[in-house]
Amino acid sequence: MSMHIMSAYDEELKYLTRRISEMGGIAEQMVGESVRALVNSDLALAQKVISDDTILDEAERQIGEKAIITIAKRQPVAADLREIMGSIRIASDLERVGDLGKNNAKRVIAVAGSGIPRKLARGLEHLAELALVQLKEVLDVYASRSPEKANSIRERDEEIDAIYTSLFRELLTYMMEDPRNITPCTHLLFCAKNIERIGDHATNIAETIYYMATGAQPEGERPKDDNTSTLGAVKD
Amino acid sequence: MNIMSEAAVEKALDQKMNTVPYKMIGKDVSVYYGEKRALFDVNLNIRENTVTALIGPSGCGKSTFLRTLNRMNDTIENCRVTGKITLDEDDIYDPTIDVVELRARVGMVFQKPNPFPKSIYDNVAYGPRIHGLARTKSEFDDVVETSLQKAGLWNEVKDRLQEPGTGLSGGQQQRLCIARAVAVSPEVILMDEPCSALDPIATAKVEELIHELRSNFTIVIVTHSMQQAARVSQRTAMFHLGNLVEENDTDKMFTNPDDQRTQDYIMGRFG
C-alpha cells in the first residue's frame, strides 16, 4: 500500500505492527515452554512462564494506548481504521494466549508429584504442537495479510477440537480406573482445555486479519469439532 | 411481536436508501472552460431528502459539478456544459427554463459567508420579495422568522433584526446565508464548502443544521473535510481529475471503499 502523506502516521502504524509481532513471539514461546514444563515437571521453567506473562500484559496496554492516541490524532478511515482496530483485537487475543500459557504453568506444581502417564503426556504434547503451528502460521499471515491464508487457518481449527475431544475421553477413563488419578487428571483436563482455547484465539486472529485485509467478515460458521460440552450426557 | 435483528434493520434501511427517488439526475455531464475540459461524462444522481457529499482533491471537478446543478456556470464566460441534468422531470438546461426560477428551486450557500450589506431582516426577506413569495408585512415577518428558526439563528438575532447582517460573527453570517437560501423554499440546497471559514463550534452548528434541513430539503455539499463528509452525508461521491470515481453509501465509503483512488485519498496516502 502507498505511503501516507504524513510520514509520522506511517511510523505509528508500523509501531503497532512491530509490537504485535513481538507479542506473538512471546506468546508462542510461553505456550511451548508451559507444555514442556508440564511434561518434564520442570518447575523452574514453569516459574519463568509465569513471570513472562507480565511482558504481554504490558505490551497489550501499550498497544491499546498507542492505538487510542493514533485514532484521536489521525481520525483514521477505511483500511487504516481497520488496521488499528484489528491491532487492538489481536493484542487482546495474544494477551489471552499468554494467560492460558501461564495457567498451564501454574498447574505444573500440582501435577508434578503424581507422574503423568507417558501416553497422556504425548497426547497433550501433540495437541500443543497443533495449537502452536496454528499460532505460528497466523502470525505469519499477520505479516503477509493474506486473506486466503487467514481463511485456511480458520478452517483448520477443527483438527485441534477433534484431538481435544479424544484427550477428554482418555482422561475420563483414567479417572474411572483409579480415583487417585482424579486430581492430576483434572488439572490435565484444564491444561488441554487451555490449549484448545489457544487454538480458538489463533482462529480469532485469523478472522481479524481477514477483516483487516478485506473489510468483510469471513463467510460461514466457524468449523467446530469440540463435542466435549455434551460428552457423557444421558441420551434419550 | 416480530422483533427484527439489528442486521435485518440495517439491511432494511439500506434497501430503503436504495429506493429513495432521485431528485436530480445528471447524465453524461461534461464541462469545458474554453478549450480545457473540467468534467468527463459524469453520471451522478442526487437522491431526495438525502445529504450527498462531493469529495476529492482540489481541481477534481467537484465544485464544477455542483455549480452545474443550478447553472452557476452560466455566469462564467466561455464555460460550456454538455450532457443532461434534470430536476424532477425538467431539463434544467432547456432554453425555455427561467434561470432565476431555477435558482429559487436550487439554492446555494457559498464558502465564504456573503450577506448583503443590508439588515438581517432584509437579507432574509430579499428572496421572497423578488420572487413575490410574500406581500404583506406580516407575511414577510413570518417568512423571516421561520427561515431564521430553520437556520438555528432566530434566538440569537430576534432582538436585533434591523442591525446589519455583516455585523454578525462568521458562523452567524453563514447561518444567515442558509436562512436566506431557505427563505424562498427551495427544493435543493447546494453548499460549497460551507464550513471552511468557520471555527469548530460554528461548524458543528452548521452541521447540526444540515442534519435537520435534510428532512425538508435535498442537500448537496462539497467539502474538503473527510470527517465532515462522513458526519453529515448519507451518500458520498468521489471525484478525481474530472471523473466521478465512486459513488457509494457514506458508511461504506469510509470503512471499505471500492476504488483504490478513493481509498488513497480519504486515508491521506500518495495516490
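Reader: How do you know how far to trust chain A?
Author: This is a predicted model, where local features need pLDDT of at least 70, side-chain atom pairs count only at pLDDT 80 or more, and totals for chains, interfaces and linings use all residues. Residues are numbered from 1 along each chain as its sequence is written, and chains are lettered from A in the order in which they are written. pLDDT is the predictor's confidence in each residue, from 0 to 100. Chain A has a mean of 91, and 97% of its residues reach 70 or more. Confidence is lowest in H5(A), at a mean of 89, and highest in H2(A), at 96.

Reader: Why is H4(A) called a helix, and what span is expected for H4(A)?
Author: Helices are DSSP runs of H or I with at least four residues, numbered from the N terminus. H4(A) covers residues 118-144, 27 residues, so the label holds. The expected span is 1.5 Å times one less than the number of residues. That gives 39 Å, and H4(A) reaches 39 Å from first C-alpha to last.

Reader: What makes Leu124(A) buried?
Author: A buried residue has 20 or more other C-beta atoms within 10 Å of its own, an exposed one 12 or fewer, a partly exposed one in between; C-beta atoms are placed from the backbone. Leu124(A) is listed as buried, as are others including Leu127(A) and Tyr142(A).

Reader: Which helices do the buried residues of H4(A) pack against?
Author: H1, H3, H5 and H6 of chain A.

Terms used:
Helix = DSSP H or I, 4+ residues; strand = E, 2+ residues; numbered from the N terminus. Contact = placed C-beta atoms within 7 Å.
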